[in-house]
Amino acid sequence: MGALLIITTGCASRLDASIAAVNGAQAFLVHANDTLAASHRSARDTAVAAAPDEPAARRLLAEVHARYLRAWQAYDAARFAWLGTAASVRAAQAIELAGGDHEPRAVSLALLELGAAYEAFRAAALALAVKAPVLP
Amino acid sequence: MSARDDTRLALDLISGAAALGLAVAEGVRQVIAAARPDIVLAEPPPAGRYAEIVAEDAAVLARRFGEDEQT
């Protein structure tokens, strides 16, 4: 996650680097979504296969879903952080295009929030033993 | 003008302003994409799939226990 900020400070165009970081984070989130969904479905199928009857299967399904809810909530929080970061990058782009000076700290702070939200998601995924990709 | 008319007018104005805002944002995005095609932001990541997976429960249960009943 630290690299998200480092690459935004050392490049010729900080905004270009920010866009690269946001696009990189998008790829990680897409992959994380697929990984978590596959793990959730696999846990559900295992639970249903192991249940002796339908009431037991329903109980196990509720347990599986409750276990995965926190990770999905953390994923959605990271996704909203991504949307916020993308909006601040877009605003900075528009200001730059109009010949104005944007506040680079706003984009850096948004990237920091995105990194923190992604780390929270990764922690929730790890609690489920789901291997989420590490943000660079 | 009644209070209901006022409310409707206010809602129309709000939705009109929202539509205008979206159109301006899309216009800005297109201008930026045309000016700097190499640095366009990616599409937003997909929404979480918790609700989608929970909604599959009925089909999963029917597949598992529906088959048992037939055998």
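Mentor: H2(A) and H3(A) are roughly antiparallel to each other, because angles over 145 degrees count as such. Helices here are DSSP runs of H or I with at least four residues, numbered from the N terminus. This is a predicted model, in which local features need pLDDT of at least 70, side-chain atom pairs count only at pLDDT 80 or more, and totals for chains, interfaces and linings use all residues. Residues are numbered from 1 along each chain as its sequence is written, and chains are lettered from A and ligands numbered from 1 in the order in which they are written.

Trainee: At what angle do H2(A) and H3(A) pack?

Mentor: Axes are lines fitted to C-alpha atoms, for helices over the stretch in contact, and angles run from 0 to 180 degrees between N-to-C directions. For H2(A) and H3(A) the axes lie 10 Å apart. The angle between H2(A) and H3(A) is about 170°.

Trainee: How do H3(A) and H4(A) run, roughly parallel or roughly antiparallel?

Mentor: The axes of H3(A) and H4(A) come within 8 Å and cross at roughly 165°. The direction of H3(A) relative to H4(A) is therefore roughly antiparallel.

Trainee: Which residues of H4(A) does H2(A) meet?

Mentor: Helix H2 (residues 14–50) of chain A packs on helix H4 (residues 104–127) of chain A at about 20°, with axes 11 Å apart. H2(A) and H4(A) are therefore roughly parallel (angles under 35 degrees). Contact means C-beta atoms, placed from the backbone, within 7 Å. From H2(A), A:Arg14, A:Ser18, A:Ala21, A:Ala25, A:Ala32 and A:Leu36 meet A:Pro104, A:Val107, A:Leu111, A:Leu114, A:Tyr118, A:Phe121 and A:Ala125.

Trainee: How many residues on the side of chain B that touches chain A are nonpolar?

Mentor: The contact takes 31 residues from chain A and 22 residues from chain B. Ala, Val, Leu, Ile, Met, Phe, Trp, Tyr, Cys and Pro count as nonpolar, Asp, Glu, Lys and Arg as charged, and the others, Gly among them, as polar. On the chain B side, 4 are charged, 1 is polar and the nonpolar count is 17.

Conventions. Two residues are in contact if their C-beta atoms, placed from the backbone, lie within 7 Å. Helices (H or I, at least four residues) and strands (E, at least two) are DSSP runs, numbered from the N terminus. Angles under 35 degrees count as roughly parallel, over 145 as roughly antiparallel, 65 to 115 as roughly perpendicular and the rest as oblique.
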